[in-house]
Amino acid sequence: MASDLEEHKVEKVSDSDPDPDTKETTVEETTNSSRPSKDVTAEGEDYGSADNHVFSDPSVAEHWRAVYEKARYENRHRFDPEYKWTAAEERRLVRKIDARIMVWAWLMFCALDMHRRNINRAISDNMLAELNMNTNDFNYGQTIFLACFLAAELPSGLISKKLGADVWIPTIMVGWSVVAMSQAFLKNRAGFYAIKALLGLLMGGFIPDIVLWLTYFYKSRELPLRLAWFWTALSTVNIVGSLLAAGILQMRGINGWSGWQWLFLIEGLITLIIGFFSWGLMPPGPTQTRHWFRGRDGWFSDHEEHILVNRLLRDDPSKGDMNNRQAVGPALLLKAVKDWEMWPLYVVGLTTYIPPAPPANYLSYILRQIGFSVFEANLLAIPSQFLFAVNLLIVTWVSRRINERSIISSSSNIWIFPWILALVLLPSDASPWVRYAMLTGLLSYPYCHAILVSWNAKNSNAVRTRAVSAALYNMFVQSGNIISSNIYRDDDQPLYRRGNRILLGITVFNIVLFYFVKAFYVWRNKLRDRKWNAMTTEERESYVLTTKDEGMQRLDFRFAH
């Protein structure tokens, strides 16, 4: 038993950036290469049950079984260390999960982003002038929205963990859709501020809640690419939203309304419908899909449920250490906040997305100011959004393919640097088309958010930590958005030269930051290697079975970077 456990544990910690699927592949190649049920794709994805896995040792299996029983893990009745399945069966199941879970999660994110972005198209239709507002007033409204969005992140995450994402997410979706529709009746700046506050409070918890929900269905190596597709919602909404706005804003005058009023009303109705359907199309977890709306027999057979649960737990045993309806109390919350080794990632979230945010938020407005029509200003936003989606998928695929996060993620700000520099140096009498080309190039940057979110989840290494760290990470991201929303000022328009110089400095800082964070995690892993390698075989086995350390505090855990 000790030798088997030692083989698993040494293999687990030998790499400074381990990956569960990669680790099983290594064992596969050396000890079980002839077994037909195992299949490893060119991207390193590992499918089919393995003879040698984390629960192969009976004592380890019983240890985790006790953990799952104590936590009342909702899928524990499907936990079976000896369960077998083929690679073909798992691949079919993953495709089924993509169709049932991922597609709807993507659509729900579209419903969120539609109301985060449509304000940028509404202001191209003289909305600010009609409400007696200027650029600074708009910035203050965005700051209120982001501050409330930030404030709601953690409370919303805690409520979702208690009630279940399948209950909480549809509830807040319906809420923000109703509030968003009410923007059609805005009359003044005070109303604008009030509605932005309500929208922020209702939307704030969606992203960390939905990401945690997705971890209930996907293995760690599967999640980054799915999140990349998930974040194509941003470009999809901008493209579809621009097309919708180009048409809806032409409704100005119908019923005495402005075009921007029709925009808020119609798009609010669309997302309201998505919110209502979400109550029926979001199952609590892999073994909880039986529902009057989803069918008496649910989405998965007993065999598929066994595969679903056991493949997830063999990938990451900690996914069963908490029930999906179990609240995170104050003690656990404080414990997660005190996990200081996660904070470098939070700092990355704070500053990484600042440089492209002001140009993205003001693109249509800037194009209007330099001579393009309302119709042109909205349609000209489409090319950068298409290239943004393409680069998002490419950069995430490359990161997953070579198992590298920090260096690949730095490419986002490396890409942005020359375009921001060009905007700083471009003369004021330059052709509007040249300035548009510079903005399009900048906003086509490879968005690294999917990499960073999955990186954050992987380094959390426990459900209770993951629930809090996802919220904390997004709180830092929203803090960065608050900063970014106040960089372009009214006295700096329409070219925003001062603002672009600030963005240039932050871009340089971000590039350096990514390499610092990588060096930090390499250093932390080396310290753990030193402690682990100093232990005897018996000490390591005893540690695995008896330690009270959890999550990232375990000596046999290594940080991804």
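In this predicted model, helices H9 and H10 sit oblique to each other, because their axes cross at roughly 140 degrees and an angle has to be over 145 degrees to count as roughly antiparallel. H9 covers residues 206-215 and H10 covers residues 223-248, and the two axes come within 11 Å. The crossing is a right-handed one. On the H9 side, the residues that make the contact are Phe206, Ile207, Ile210, Val211, Leu214 and Thr215, and what they meet on H10 is Leu223, Leu227, Phe230 and Trp231. Sorted by class, this set comes out as 9 nonpolar and 1 polar, with no charged residues.

H10 also packs against H11, the helix that runs through residues 259-281. Here the axes are 9 Å apart and the angle is about 130 degrees, so H10 and H11 are again oblique to each other. The H10/H11 crossing, too, is right-handed. H10 brings Leu244, Ala245 and Ile248 to this contact, while H11 brings Gly259, Trp262, Leu263, Ile266 and Glu267. The tally for H10 with H11 is 6 nonpolar, 1 polar and 1 charged.

Gly247 is another residue of H10. With a relative accessible area of 40%, Gly247 is partly exposed, since that label goes to values between the 20% limit for buried and the 50% limit for exposed.

Leaving aside residues up to four places away in sequence, Asn459 touches Met342, Leu345, Tyr521, Met552, Phe557, Phe559 and Ala560.

The loops hold a few backbone features to look at. Arg72 has a positive phi of about 55 degrees, even though it is not a glycine. Arg72 is placed in the loop that runs between helix H3 (58-71) and helix H4 (87-122). Its relative accessibility is 53%, so Arg72 counts as exposed, the cut-off being over 50%. Asn403 is likewise a residue other than glycine with a positive phi, in this case near 55 degrees. Asn403 belongs to the loop between helix H17 (382-402) and helix H18 (406-425).

The peptide bond between Gln493 and Pro494 is cis, with omega at about 5 degrees. Pro494 is found in the loop that links helix H21 (463-484) and helix H22 (497-533).

Note on methods: Residues numbered from 1 in each chain as written. Predicted model: local features only at pLDDT ≥ 70, side-chain atom pairs only at ≥ 80, totals over all residues. Heavy atoms only, no water. Axes fitted to C-alpha atoms, helices over the stretch in contact; angles between N-to-C directions. Helix = DSSP H or I, 4+ residues; strand = E, 2+ residues; numbered from the N terminus. Parallel < 35°, antiparallel > 145°, perpendicular 65-115°, else oblique. Left-handed = near helix turned anticlockwise from the far one by under 90°. Contact = heavy atoms within 4.5 Å. Nonpolar A, V, L, I, M, F, W, Y, C, P; charged D, E, K, R; others polar. Buried < 20%, exposed > 50% of the residue type's maximum accessible area, 1.4 Å probe, protein only.
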